[in-house]
Amino acid sequence: MNIIVTGGAGFIGSNFVFHMLKAHPDYRIICLDKLTYAGNLSTLEPVMDNPNFRFVKADICDKEAVDKLFAEEKPDIVVNFAAESHVDRSIENPQIFLETNIIGTSVLMDASRKYGVKRYHQVSTDEVYGDLPLDRPDLFFTEQTPIHTSSPYSSSKAGADLLVLAYYRTYGLPVTISRCSNNYGPYHFPEKLIPLMIIRALHDESLPVYGDGLNVRDWLYVEDHCKAIDLIIHNGKVGEVYNVGGHNEMANIDIVKLILKELGKSEDLITYVTDRAGHDRRYAIDPTKIHNDLGWLPETKFADGIVKTIRWYLDNEAWWQPIISGEYQNYYEKMYGDK
Ligand code: NAD
Ligand code: TYD
């Protein structure tokens, strides 16, 4: 089995590459990644010499490069993780989100049609459903929840989802979509809440909490997400959407306090800053469908996963230290300087 994994040098994609090479030692995994600011080749170093692994630097919007790779590898399955993924950046500059997340998806699906790919899997997000109110803990996102996006990021992901379903209906491309909640774990880029807070707390720097800090996310340990995608590409039904996540809801402020407690740091580091524009209040997934149809359930509880994650960042400074120097400093100053 030949599988092209796009965005495999990023957070979830790299964890998926590791998972697949371990779970299916007879598969060939080809990673296609542009290596944007979020892609890191050093993450993939442990598998670079694996004869079942190949890395190709290319842009998913580049038709020629994508076509060439598909012609060479004749993939059975394509799993598309490649995306611009940070909501705050999408508020600053929406256009690149439309290019990579929508146009890139269409380029990959055109190649998938041309080369007779048996499954095109789109990695999407629960953010396409918009948000839920804090005072209705009984409400959850199901696959029937209407698309109702808030940010340029979530709108670009929703646009891609609609295009994927259109390729299924119009051309019969065998597609599946997974809509996952917030992931956390190793190799998470330190612009996102959990790694940002861990690394800043380690340096005794202020921790910028948006708004009142009460926004809720449904956190999923990244390995659980990888296992869900593995199940969907093998056993999922073509044309279907699967929600992935469930029942690990946490308010941002509670996560920040938990990180401080684990690291033995003072809550005085917490700084409430101007809220994110259009900030979604609560995400919460109902995982009934993927549980009933494919037998998947998240295995890692947040209380355990967060401790493992903090430990990983303590043990892997060599991974994140080069990232937070240079360009990242300018990013932090630009995004948080006048908040
Ligand atoms: P990430 O930002 O860590 O990684 C994205 C990867 O895609 C990087 O390696 C980057 O170099 C690559 N990339 C970006 N533009 C590209 C292009 N034009 N061509 C080729 N490669 C390109 O993202 P992530 O957090 O690992 O998210 C992966 C996927 O999962 C995304 O599609 C995202 O929307 C989705 N998702 C993420 C989360 C989350 O909590 N992180 C939750 C639900 C869904
Ligand atoms: P983030 O990790 O950016 O993921 P998403 O916006 O896709 O859910 O943010 C998670 C939550 O943390 C979100 O409610 C915004 C909040 N947040 C902060 O309070 N401070 C920060 O510096 C960041 C990056 C996020």
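Start by selecting Ser-85 and ligand 1: a polar side-chain atom of Ser-85 sits 2.6 Å from an oxygen atom of the ligand. Keep in mind as you look around that this is a predicted model.

Now show the surface of the protein around ligand 1. On its own the ligand has 840 Å² of accessible area, and the protein covers 97% of that.

Select Asp-59, where an N or O atom of the side chain is 2.8 Å from a nitrogen atom of ligand 1. Then go to Phe-11: here a backbone N or O atom lies 3.1 Å from an oxygen atom of the ligand.

Ligand 1 is surrounded by 28 residues, and the closest are Ile-12, Asp-33, Ser-85, Tyr-153 and Lys-157. Colour the shell by residue type and you will find 13 nonpolar, 11 polar and 4 charged residues. Helix H1 (11-23), strand S5 (119-125) and helix H5 (152-171) each contribute at least two residues to this shell. Strand S5 gives the largest share, with 3 residues.

Your next stop is helix H6, residues 193-202. The helix is largely enclosed by the rest of the structure, because 8 of its 10 residues are buried. Among the buried ones are Ile-194, Pro-195, Leu-196 and Arg-200.

Finish at Asp-204, which follows H6 and has a positive phi, near 55°.

Methods
Residues are numbered from 1 along each chain as its sequence is written. Chains are lettered from A and ligands numbered from 1 in the order in which they are written. This is a predicted model: local features need pLDDT of at least 70, side-chain atom pairs count only at pLDDT 80 or more; totals for chains, interfaces and linings use all residues. Side-chain values use heavy atoms; hydrogens and water are left out. Buried means under 20% relative accessible area, exposed over 50%, partly exposed in between (1.4 Å probe, protein chains only). Helices (H or I, at least four residues) and strands (E, at least two) are DSSP runs, numbered from the N terminus. A residue is near a molecule or strand if one of its heavy atoms lies within 4 Å of it. A polar contact is a pair of N or O atoms within 3.5 Å; within protein, one must be able to donate a hydrogen and the other to accept it, and residues adjacent in sequence count only if both atoms are side-chain atoms. Accessible areas come from the Shrake-Rupley method with a 1.4 Å probe; for residues, only the protein chains shown count as cover. Ala, Val, Leu, Ile, Met, Phe, Trp, Tyr, Cys and Pro count as nonpolar, Asp, Glu, Lys and Arg as charged, and the others, Gly among them, as polar.
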